[in-house]
Amino acid sequence: MTGTVSKIVHFEDEEKFIDDIDFALERFSYLASRYGHNPIKGVVLWDYIAIEDNEDVKVFRVGEFPFVEGMLKLDLEKIRTLEEYFDEMESKWDELTVEEINAYVELMNEALGERRVFYDAYSLGLDRNTAYIIIDVHALHYLAGILEGEEKELLDEAAEVLLRYI
């Protein structure tokens, strides 16, 4: 993507990082809904997994499978297969590594008999307490040039939070 910068960021407190990114994304998304430009093109946490169902791709964290399970448009047998693997990963949460998640994803796809589960963190070189962020510098520059007042403050707050990690 032209005008984008990709960065692996490190953090000490995962929950604080997620709260901070949610804060920034909320503001950027609001501004994008008004002006059509979002400075954040993507965020991948070390434990994000994607599952392609019969409609689209759903992305979630390893421990969130029970919440996503009801939204997956797959036959019950495939959902139960996925559930077994995700339950096993959750039971090992404290020691779970990126390499192990990658191995589970390969096993899930093998058990499903098709490639429906995707895990990018391994190939991106992520580990615990890391994330991959894609920033659209052109969008950030554009918004900084046109916003005023409260909307400019929203942009500044979001950018300040983002800069803590970059």
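I began with the open sheet, which has 3 strands in the order β4-β3-β5, paired in the antiparallel sense. β4 (57-61) and β5 (117-118) are the edge strands; each has a single partner strand, so one side of each is left without a neighbour in the sheet. A reminder to myself before going further: this is a predicted model.

Next I looked up how β5 is held in the sheet. Strand β3, residues 48-52, pairs with β5 over 2 bridges, antiparallel. Which residue of β5 is the bridge partner of Ile-51? I found Val-117 there.

Then I stepped back to the whole chain. I counted 7 helices and 6 strands. Read from the N terminus, the elements go β-α-β-β-β-α-α-α-β-α-β-α-α. For the overall extent, I noted that the C-alpha atoms fill a box of roughly 55 × 35 × 25 Å along the principal axes.

On to the domains. Where is the chain divided? Domain 1 takes 1-45 + 130-165, and domain 2 takes 47-128. I put the centres of domain 1 and domain 2 27 Å apart, taken over C-alpha atoms. For the contact, domain 1 supplies 10 residues and domain 2 supplies 9 residues.

How much area do domain 1 and domain 2 bury between them? I have about 850 Å² in my notes, with 59% of it on carbon and sulfur atoms.

I then went through the polar side of this interface. The rule gives 5 residue pairs in polar contact across the interface of domain 1 and domain 2, both residues at pLDDT 80 or more. As for salt bridges, the count between the two domains is 1. I also looked up Glu-14 and Arg-61: they form a salt bridge, and their closest N and O atoms are 2.2 Å apart.

Which elements give two or more residues to the side of domain 1 that touches domain 2? I listed α1 (14-35), β2 (40-45) and β6 (130-136). Sorting that side of domain 1 by class, I got 7 nonpolar, 1 polar and 2 charged residues.

Last entry, for when I come back to this page: the sheet order is β4-β3-β5, and the interface of domain 1 and domain 2 buries about 850 Å².

Note on methods. Residues numbered from 1 in each chain as written. Predicted model: local features only at pLDDT ≥ 70, side-chain atom pairs only at ≥ 80, totals over all residues. Heavy atoms only, no water. Pairing = 2+ DSSP bridges. Helix = DSSP H or I, 4+ residues; strand = E, 2+ residues; numbered from the N terminus. Domains from an automatic or database assignment. Contact = heavy atoms within 4.5 Å. Buried area = accessible area lost by both parts, 1.4 Å probe. Salt bridge = Lys/Arg side-chain N within 4 Å of Asp/Glu carboxyl O. Polar contact = N/O pair within 3.5 Å; in protein donor to acceptor, adjacent residues only side chain to side chain. Nonpolar A, V, L, I, M, F, W, Y, C, P; charged D, E, K, R; others polar.
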